[in-house]
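Me: I have a model open and want to learn how to read it. Can we go feature by feature?

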Amino acid sequence: MATIGFIGLGNMGGGMAANLAKAGHKVIAFDLSGEALARAGSAGCHPVSDPVQAVSDADVIVTMLPAGKHVASVYNDSVFGAARPGTLLIDCSTIDVDTARHVAAAAKERGLEAVDAPVSGGIAAANGGTLTFMVGGSSGGFSRAAPILNDMGKAVIHAGDNGAGQAAKICNNMLLGATMAATCETFALAKKLGLDLQTFYDISSKASGQSWSMTSYCPVPGVGPTSPADNGYAGGFAAALMLKDMRLALEASKANGAQVPMGERAEAIYAAFVEADAQGLDFSAIITALE
Ligand code: NAD
């Protein structure tokens, strides 16, 4: 069992740190929020009041932070100067590919091994230990990270070198954002054409219009399997987080000369929705704006 420094105990990190403690690891936990620290303490972690304390004795350091700037500042201010040589750094946050590559190179210069390991699956999967991890890093880094990630997830996939985990994550979420937008506008059109939406679902879910957005996460209340639509679009994956991921994908497309017209249009739909949404609704709630 490893000594793990865990930084970022929010909606996702709280459950992930708890699962590592449950698996028998010694988890030394830090967050800027006192509430998050207290929750981690109740879940079997050892809360500390300074990030350096969380990392200085660790074999492995896991971060689950909001965005690239937070990861870069935690690594620069607290990890690089305090981690022991050879320590494995696993960043599970969803961040831009450039920052992921940059921090991995800076870690290597200091004798540390870094992998990016963003997740698919929301808060329920973080709490239940059923996340999917897409990992960017060397084969050696992946082999070291996999057993730790397995204690928090159901699937751990090596996507390629440093940054490849983040690249896979933003490509997947750009596709998800666009298919959800297309699914929502299609149901809105079906309604205007007088179709019964359950009947249209029964047809399209078995025809060539089928997608995960339709058959696993249908945006229409009462149609398909239970989804946030059946709960007033509360919970699930917030539209603001989808917007963040779509923007990461668009930035990467510009930096790499890729044409993503569908991604651009979908990003504009989420941006307009998030601006008007005071409740932090699920990303499938864009159907309410398209109807
Ligand atoms: P969150 O805002 O709930 O948690 C982030 C935590 O980081 C907070 O507790 C905050 O206090 C802490 N933090 C910020 N700066 C810090 C610092 N300098 N030092 C220590 N702690 C600091 O966010 P979340 O929903 O847990 O998401 C975390 C990451 O996971 C994001 O990158 C997000 O895009 C990604 N993600 C989220 C979901 C989801 O459904 N919530 C799903 C997949 C991926």
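Me: Which residue in β4 is the bridge partner of Ile4?
Reply: The model is predicted, so keep the confidence limits in mind: local features need pLDDT of at least 70. Read a strand pair from its bridges. In β4, Ile4 is partnered by Val60. Four bridges join β1 to strand β4 (residues 60-63), and the two run parallel.

Me: Which strand does β1 join through five bridges?
Reply: Strand β2 (residues 26-30). That pairing is parallel. Ile7 has Phe30 as its bridge partner in β2. Thr3 has Lys26.

Me: How many residues of β1 are buried?
Reply: Four of the five, so by the cut-off of 20 or more other C-beta atoms within 10 Å, strand β1 (residues 3-7) is mostly covered. Now check β2. There, too, four of five residues are buried.

Me: What do β1, α1 and β2 make?
Reply: Trace the chain from strand to helix to strand, then ask for the hand. β1, helix α1 (residues 13-22) and β2 form a right-handed β-α-β unit. Keep going along the chain. β2, α2 and β3 make a right-handed β-α-β unit as well.

Me: How many bridges pair β2 with β3?
Reply: Two, in the parallel sense, with strand β3 covering residues 46-47. To place the pair, look at Ile28, which stands opposite His46 in β3.

Me: Where is Ala40, and is Ala40 buried or exposed?
Reply: Locate the residue, then count C-beta neighbours. Ala40 is in helix α2 (residues 34-42). Ala40 has 25 other C-beta atoms within 10 Å, so it is buried.

Me: Which residues does Ala40 touch, not counting those up to four places away in sequence?
Reply: Leu9, Gly14, Ala17, Ala29, Cys45 and Pro47. Ala40 and Ala21 are 19 residues apart in sequence, and their C-alpha atoms are 9.5 Å apart.

Me: Now a contrasting residue. Where is Ala234, and is Ala234 buried or exposed?
Reply: Ala234 sits in the loop between α10 (212-215) and α11. Ala234 counts as exposed because it has 12 C-beta neighbours inside 10 Å.

Me: Which residues is Ala234 in contact with, leaving aside neighbours within four places in sequence?
Reply: Pro228 and Leu281. Ala234 and His46 are 188 residues apart in sequence and 32 Å apart in space, C-alpha to C-alpha.

Me: Let us turn to β8. How many of its residues are buried?
Reply: Five of the six residues in strand β8 (residues 131-136) are buried, so, with burial set at 20 or more other C-beta atoms within 10 Å, the strand is mostly covered.

Me: Do β7 and β8 run parallel or antiparallel?
Reply: Direction comes from the strands that the bridges join. Strand β7 (residues 119-120) and β8 run antiparallel, with two bridges between them. Val119 stands opposite Phe133 in β8.

Me: How many bridges pair β8 with β9, and in which sense?
Reply: Six, in the parallel sense, with strand β9 at residues 153-160.

Me: Now the whole chain. Into which domains is the chain divided?
Reply: Domain 1 (3-161) and domain 2 (167-290). Their centres, taken over C-alpha atoms, are separated by 29 Å.

Me: How many residues of each domain are in contact with the other?
Reply: Eight residues of domain 1 are in contact with 10 of domain 2. The side of domain 1 that touches domain 2 has four nonpolar, three polar and one charged residues.

Me: How many residues surround the ligand, and which are the closest?
Reply: 26 residues surround the ligand, and the closest are Gly10, Asn11, Met12, Thr94 and Gly122. The elements giving two or more residues to this shell are α4 (68-79) and α11 (239-255). By class, the shell has 15 nonpolar, nine polar and two charged residues.

Me: Why does the ligand lie between domain 1 and domain 2?
Reply: Ask which domains supply the shell. Domain 1 (3-161) and domain 2 (167-290) both give residues to it, so the ligand lies between them.

Note on methods: Residues are numbered from 1 along each chain as its sequence is written. This is a predicted model: local features need pLDDT of at least 70, side-chain atom pairs count only at pLDDT 80 or more; totals for chains, interfaces and linings use all residues. A residue is near a molecule or strand if its C-beta atom, placed from the backbone, lies within 6 Å of it. Ala, Val, Leu, Ile, Met, Phe, Trp, Tyr, Cys and Pro count as nonpolar, Asp, Glu, Lys and Arg as charged, and the others, Gly among them, as polar. Domain bounds come from an automatic or database domain assignment. Two strands pair if DSSP finds at least two bridges between them. A crossover is right-handed if, with the strands pointing away from the viewer, the path from the first strand over the helix to the second runs clockwise. Two residues are in contact if their C-beta atoms, placed from the backbone, lie within 7 Å.
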